[in-house]
Amino acid sequence: MDFAQTEPCPTGTGRDPARRSEWTVRQMVTVGSTNDAAATMPAWNAVRADRQTGGRGRHQRRWVSDAGGLWLSAVVPTGPTEQGWAALPLAAGLTVCETLQSLGAAPLRLRWPNDVMTGPLKVAGLLVDMFHPGLAVVGIGINVRNRPDATDFTLSGQVARLEEMMSPVPALDALTAMLLSRLRHVVEEIHARGFSALVPRLNRWWDSERLVEVELDSRSFRGFFGGVDAAGRLQVRAPDGDVGVFSAHQVTRLRECEPTGGLQ
Ligand code: BTN
């Protein structure tokens, strides 16, 4: 990776930005949310912070972001089609799983749409924002050495960190560079060949034997998780053979059931 200083940091809380091959990365000490800090940046720029004071999760949830974790937001072009934007949350989950696997983290799986899990525990979360047409901010939060459950006791029994899954744990700089490099390849592949080209790779990361309950606006649908189709829609096989196919915007929530059928 190529490190070169590009410009002095404009804020009192930041360090000098670094240029890493195909990405320009701004490193901050403390920021509200890296997604918000990246909102006005052009494509192939990224922001990483040591800690976030207002880290945001999906569904307006708070994301605990103490020092020791990887808090990264990367700006990517959404591409010429609607599909490019719709595919990004799934493609970002694939990027994180493949990167962590290449470093030896195991076991890993995806929980729809893009929670990165080890067994029943969440290791990483992704939040994709679109602040300007044509550009998306892919926010990646990975618990590395931090202990979110020590800050927020309600997370107890729900979270894991890389430190418990691999040894040695990668340096945050190296992990950042690997994630960005793979993200760029994945995004360029969507633009060149369409999202469907990624689907076989993506569908390897789900637990296909898992019973789930999909909550829709006015009803729910229970069945076995069947991965995503070529358009990125969620497929669920009910025990009676009925197959439900749902776009991300139709799904209010997906809950994984325990083997006994109870909801987790
Ligand atoms: C979720 O699982 O709910 C998504 C969590 C996303 C957290 C990351 S950390 C970097 C970026 N900045 C944020 O404020 N959120 C994302």
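**Salt bridges and the ligand shell**

E98, R182, E189, R193 and R201 are linked in a network of salt bridges. The model is a predicted one.

Student: How many salt bridges are there by this rule?
Tutor: The count comes to 23. One of them joins D36 and R56, with the closest N and O atoms 2.8 Å apart.

Student: Where do D36 and R56 lie?
Tutor: D36 is in helix α1 and R56 in the loop between β3 and β4, so the pair ties together parts that are 20 residues apart in sequence.

Student: Switching to the ligand. Which residues come nearest?
Tutor: Of the 19 residues around the ligand, those are S33, Q52, R56, R58 and K122.

Student: What does S33 do there, in terms of distance?
Tutor: A polar side-chain atom of S33 lies 2.7 Å from a ligand oxygen. A polar backbone atom of R58 is 2.7 Å from an oxygen atom of the ligand. The protein covers 99% of the 410 Å² of accessible area that the ligand has on its own.

Student: Which element gives the largest share of the shell?
Tutor: β7, with 4 residues. By class, the shell has 5 nonpolar, 10 polar and 4 charged residues.

Definitions and conventions:
Residues are numbered from 1 along each chain as its sequence is written. This is a predicted model: local features need pLDDT of at least 70, side-chain atom pairs count only at pLDDT 80 or more; totals for chains, interfaces and linings use all residues. Side-chain values use heavy atoms; hydrogens and water are left out. A residue is near a molecule or strand if one of its heavy atoms lies within 4 Å of it. A polar contact is a pair of N or O atoms within 3.5 Å; within protein, one must be able to donate a hydrogen and the other to accept it, and residues adjacent in sequence count only if both atoms are side-chain atoms. Accessible areas come from the Shrake-Rupley method with a 1.4 Å probe; for residues, only the protein chains shown count as cover. Helices (H or I, at least four residues) and strands (E, at least two) are DSSP runs, numbered from the N terminus. Ala, Val, Leu, Ile, Met, Phe, Trp, Tyr, Cys and Pro count as nonpolar, Asp, Glu, Lys and Arg as charged, and the others, Gly among them, as polar. A salt bridge is a side-chain nitrogen of Lys or Arg within 4 Å of a carboxyl oxygen of Asp or Glu.
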